[in-house]
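Thanks for coming, everyone. Let me put the structure up, and then I'll walk through charged pairs, the interface and the rings.

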Amino acid sequence: MTQSSSVLTGTTLIRRHPNLAWRKYGDEMIVVTIRNSRIHKLNTTAALLWEWIGNASLSLEALIQNLVTQFEVKKEQAQADVEKFVQHLLDAGILEIILSRKNG
Amino acid sequence: MSSPSIIQTLDKITVEKQTLFNVLMELTYRCNHDCVMCYNAPEKGRQELSLTEVKSCLDQLQELGCFTLIFSGGEILMRKDFFEIGRYAHTLGFAITLFTNGSLITEKNVHRILEISPLDVGITLLGSTAELHDRLAKSPGSFSRIIHAIELLKELQVRVYLKGPQMKSNLFDYESLLALGKRLNVPCEVSPLITTKTDGDKFPLQYRISQEDLLNFYRDKKIYPEGNEPSLLPPDMERDSQLCEAGITGAAINPYGDVMPCIQMPIVAGNIRQQALADIWRNAPIFNKLRGISDEDLHECRICPYKDYCSRCPGMAYLENGDLLGPAKLFCQHAQAKYQVTQERKTGKTVMANEFSLSPEKTYLRQEMNLSHSCSSCEHCACSH
């Protein structure tokens, strides 16, 4: 399943979209979405999420936990940030959802 | 997250840091076509890079920051391991372009192109009919296979464009080729740039079109619509001070692992079988030389009155005359034709090719430069030989 408009929950599994090209130049992470040839420059937070996801799939919960651990932010704040940036990256076709379950 | 200035930002970063951003990698010189104007010059007895060597090269390119990567040949699909190479490059995050003749892409393997996720696929077509293309490619049946391949790729939404080199033998056909591109719904680039072979052999030059035909080509408003005159630089753009990207942000690697500034500048900087790519890129004398020269160092081209109409190629100048900084006859001819067409459109008066003269500027240049070099390319360029 690959959708960009799903409701994001902690168990949502995401990965990098397979049709991308990317490079990091200094602090700049550049991603090209092949299907529309658009070039995207990821900001620091988005680039961090991108690197954490790597070549695997990761749940939102894992990303939130990483943010809490590494930056000592409150979980609510981390969750809001992760959901916001993941949604941006999904909308841009940079990430895709591979599994989405409703909580509870 | 998106911005129209990202390319400029990238350009700035890569030029300033001399990052190897763009590489053309020839994977093989083997080809199932034998095109009359082919510029490749295979060397007998030399071995192509193995799959392991190609992968190592790709790892090194990624490490150096290379982003845009063109796989070319020969015919890339003549390598049985091509799809493995392509997939590997994709996993390393390269933005990949494939140059192919398309004739080996079939229903059976077209899905494997998708796994490479290329930005685009450039397919060479020498004519709009099977009779013409197959004769010039010396490959019976290839035209219909190529058209089928284009349709297969389009079905899978792979971006395809046609490359139509224009020669004496097919110039009459370019309008039909452009129309074929429209019918297939793919962009089509027709270009009358026929070059020497990469070993300097001038054999392909016999297929170059005449100056008069070149002029008529540039006059064609289907090629250059009114208001889009064939000068090199749009009015709001400044000429780069560097000669070109070769050695600054770009390089080429041939099937034997030789690293060069560009496929049209076959000066071997090193070989990846003997040396780390980073070492070649940072320290090879030819790369350092290219980084140290600019437009100001050019010989006659520096003050040529047609320089704004010239897409001067230092590699071509080198291949023609052994001088990176000198003129290349091919581009002198193109610059002259572009200038003439632009003037015709400004004045509304057609000037015949044989009436066109460089005399006043030539006199000036003679006085200015006091040239004393041996140059075989000056029939049309603005120097004194």
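E320(B) and R208(B) are both buried. This is a predicted model, so read every value as computed. The side chains of E320(B) and R208(B) meet in a salt bridge, 3.5 Å from N to O. Look at where the partners sit. E320(B) is in helix α11, residues 314-321 of chain B, and R208(B) is in the loop between β6 (188-191) and α8 (211-219), so this pair ties together parts 112 residues apart in sequence.

How many salt bridges does the rule count over all chains? The count comes to 18.

Next, a network. R30(B), E48(B), R79(B) and D81(B) are linked by salt bridges. Take R79(B) and D81(B). Their closest N and O atoms are 2.8 Å apart. Both residues are buried. Now R79(B) with E48(B). Here the closest N and O atoms are 3.9 Å apart. The cut-off is 4 Å, so this pair counts as a salt bridge. The pair links distant parts of the chain. R79(B) is in the loop between β2 (68-72) and α3, E48(B) is in the loop between β1 and α2, and 31 residues separate them.

Buried or exposed, or in between: what about these two partners? R79(B) has a relative accessible area of 5%, so it is buried. E48(B) has 22%, so it is partly exposed.

On to the interface. 26 residues of chain B are in contact with 22 residues of chain A. The two chains bury about 1900 Å² between them. Of that area, 61% is on carbon and sulfur atoms.

Which elements of chain B supply the side that touches chain A? α1 (6-16) and α3 (82-91) each supply at least two residues. α1(B) gives the most, with six residues. By class, that side of chain B has 14 nonpolar, 11 polar and one charged residues.

Last topic, the rings. Over all chains, the count is 12 aromatic pairs. One of them is Y25(A) with F21(B). Its geometry is tilted: 6.1 Å centre to centre, with 40° between the planes. This pair crosses between chains. Y25(A) is in strand β2, residues 20-25 of chain A. F21(B) is in the loop between α1 and β1 (22-26) of chain B. Y25(A) has 5% relative accessibility, so it counts as buried. F21(B) is buried too, at 15%.

A second pair is Y29(B) with Y256(B). This one is edge-to-face, 5.6 Å centre to centre, with 75° between the planes. Y29(B) is in the loop between β1 and α2 (51-63), and Y256(B) is in the loop between β7 (250-253) and β8 (258-260), so the pair ties together parts 227 residues apart in sequence. Y29(B) is buried at 14% relative accessibility. Y256(B) is buried as well, with a relative accessible area of 4%.

Definitions and conventions
Residues are numbered from 1 along each chain as its sequence is written. Chains are lettered from A and ligands numbered from 1 in the order in which they are written. This is a predicted model: local features need pLDDT of at least 70, side-chain atom pairs count only at pLDDT 80 or more; totals for chains, interfaces and linings use all residues. Side-chain values use heavy atoms; hydrogens and water are left out. Contact means heavy atoms within 4.5 Å. Buried area is the accessible area (1.4 Å probe) that two parts lose on being put together, summed over both. Helices (H or I, at least four residues) and strands (E, at least two) are DSSP runs, numbered from the N terminus. Ala, Val, Leu, Ile, Met, Phe, Trp, Tyr, Cys and Pro count as nonpolar, Asp, Glu, Lys and Arg as charged, and the others, Gly among them, as polar. Rings of Phe, Tyr and Trp (its six-membered ring) pair if their centres lie within 6.5 Å; planes under 30 degrees apart count as stacked, over 60 as edge-to-face and the rest as tilted. Buried means under 20% relative accessible area, exposed over 50%, partly exposed in between (1.4 Å probe, protein chains only).
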